[in-house]
Each structure stands twice: as C-alpha cells, then as structure tokens.
Amino acid sequence: MDIVKTASDWARFEMHAALVFAGFGLAFLLSGLGFRQLGSTDLARAFVIPMLVAGVLLLILGVGLFLPAQTRLASLPTTYASDSTTFLTAELARAEKVLNDYRFAVFRLFPAIIALFALAIPFLTGPYWRASLITAIAMFTVLILVDSNANARLLAYKAELTKAPD
C-alpha cells in the first residue's frame with residue numbers, strides 16, 4: 001500500500017470539499033443579490049443581509065480549508081520520506097482528532113442549532129428574524145451535508161492508515 005498516495009488522495013478530497021463550501025458561499029451571495037434586485041416583499045428584502053453574511057462565511061471557510069490542504073498536499077512526499085513512522089502516527093492522530101470534532105460539531109451541535117432556530121421561527125415574527133433564522137438553517141444544513149461526506153471519507157482514510165505496515 002502506498003501511504004503517500006492515500007494521504008494525497010485525502011488531501012485532494014479536502015481541497016474539493018473546500019471548493020464545495022466556496023461554491024455554496026457563492027450561491028448564497030448570488031441569492032442575496034437576487035433578493036436585493038428582485039425582492040418585492042418585506043420578507044424577501046430581509047433575506048439580503050443574512051444571505052450575504054452566510055455567503056461570506058462559507059467563502060471564508062472554503063478558502064480557509066483549501067489553502068492549508070494545498071500546502072499539505074505539496075509537503076506530503078517529503079514529510080513521509082523524512083520519517084515514515086512519525087508521519088503515520090501524526091496522520092492517525094490528526095484523523096482521530098478531526099473525527100472527534102465531527103462527532104461533536106457536525107452530528108450533535110449543528111443539528112441542535114438547526115432545531116433551536118426552527119423552533120424560534122414561529123415566535124420571532126419580524127421578517128429580519130425569520131430571514132436570518134432560515135438562512136442560518138440553510139447554512140448549517142450545507143455544513144452538515146459536506147462534513148458528513150467528509151466524515152465518511154475520513155473513516156475510510158483512517159482504516160487505510162491502520163492497515164499500513166509500520
């Protein structure tokens with residue numbers, strides 16, 4: 001098994017996931033601009049700011065994940081060549097840390113936030129509140145969708161690493 005190829009594939013997947021976040025960020029930005037141009041009701045006009053904020057946050061997340069993954073991808077062969085055992089140990093530890101982060105944030109915290117925001121919609125009747133809550137629900141749903149896919153791929157990556165000979 002080629003550990004460098006497996007680690008490189010995972011780094012490329014991280015880059016693709018970051019691009020998906022950035023793509024959704026652009027979609028939110030375009031939606032916000034669309035609501036600004038075409039919104040004729042108070043609720044439609046209220047979506048402009050929350051959509052733009054969510055779009056910027058998703059773009060920042062996408063770029064913030066893409067750049068380190070790209071740097072990591074370039075350094076994988078030299079890092080592995082310098083000390084393969086340390087590389088494997090560090091990758092397993094990193095994978096376990098990210099999986100624990102996913103267990104808490106993606107599978108517990110984000111659904112709780114979505115449920116709380118969904119429960120608040122009937123009680124907060126102002127158009128800006130409703131638009132903000134609906135946009136936040138949409139953004140957290142995007143985070144869950146992309147990160148649950150990343151979680152599944154990270155589990156496979158960790159399994160490949162544990163099969164690697166020391």
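How many residues line the largest pocket, and which of them lie nearest its centre?

A: Happy to! This is a predicted model, with local features needing pLDDT of at least 70 and side-chain atom pairs pLDDT 80 or more, while totals for chains, interfaces and linings use all residues. Residues are numbered from 1 along each chain as its sequence is written, and side-chain values use heavy atoms, without hydrogens or water.

The lining of the largest pocket comprises 20 residues, and Glu-14, Leu-65, Val-98, Tyr-102 and Asp-147 lie nearest the centre. (A pocket is an open set of points on a 1 Å grid over the protein atoms alone, where a 1.4 Å probe fits, with protein on both sides within 12 Å along at least five of seven lines; lining residues have an atom within 4 Å of a point.) The space inside is about 360 Å³, taken as that filled by probe spheres set on the points. Helices H1 (3-38), H3 (48-82), H4 (84-120) and H5 (127-163) each give two or more residues to this lining; helices here are DSSP runs (H or I) of at least four residues. By class, 15 lining residues are nonpolar, four are charged and one is polar.

Helix H1 also holds both Trp-10 and Phe-13, three residues apart, about one turn of the helix. Their ring centres are 5.4 Å apart with the planes at 35°, so the pair is tilted (rings pair with centres within 6.5 Å; under 30 degrees is stacked, over 60 edge-to-face, the rest tilted). Ring pairs join Trp-10 and Phe-13 with Tyr-157 in a cluster. In total, the model has six aromatic pairs.

Conventions. Nonpolar A, V, L, I, M, F, W, Y, C, P; charged D, E, K, R; others polar.
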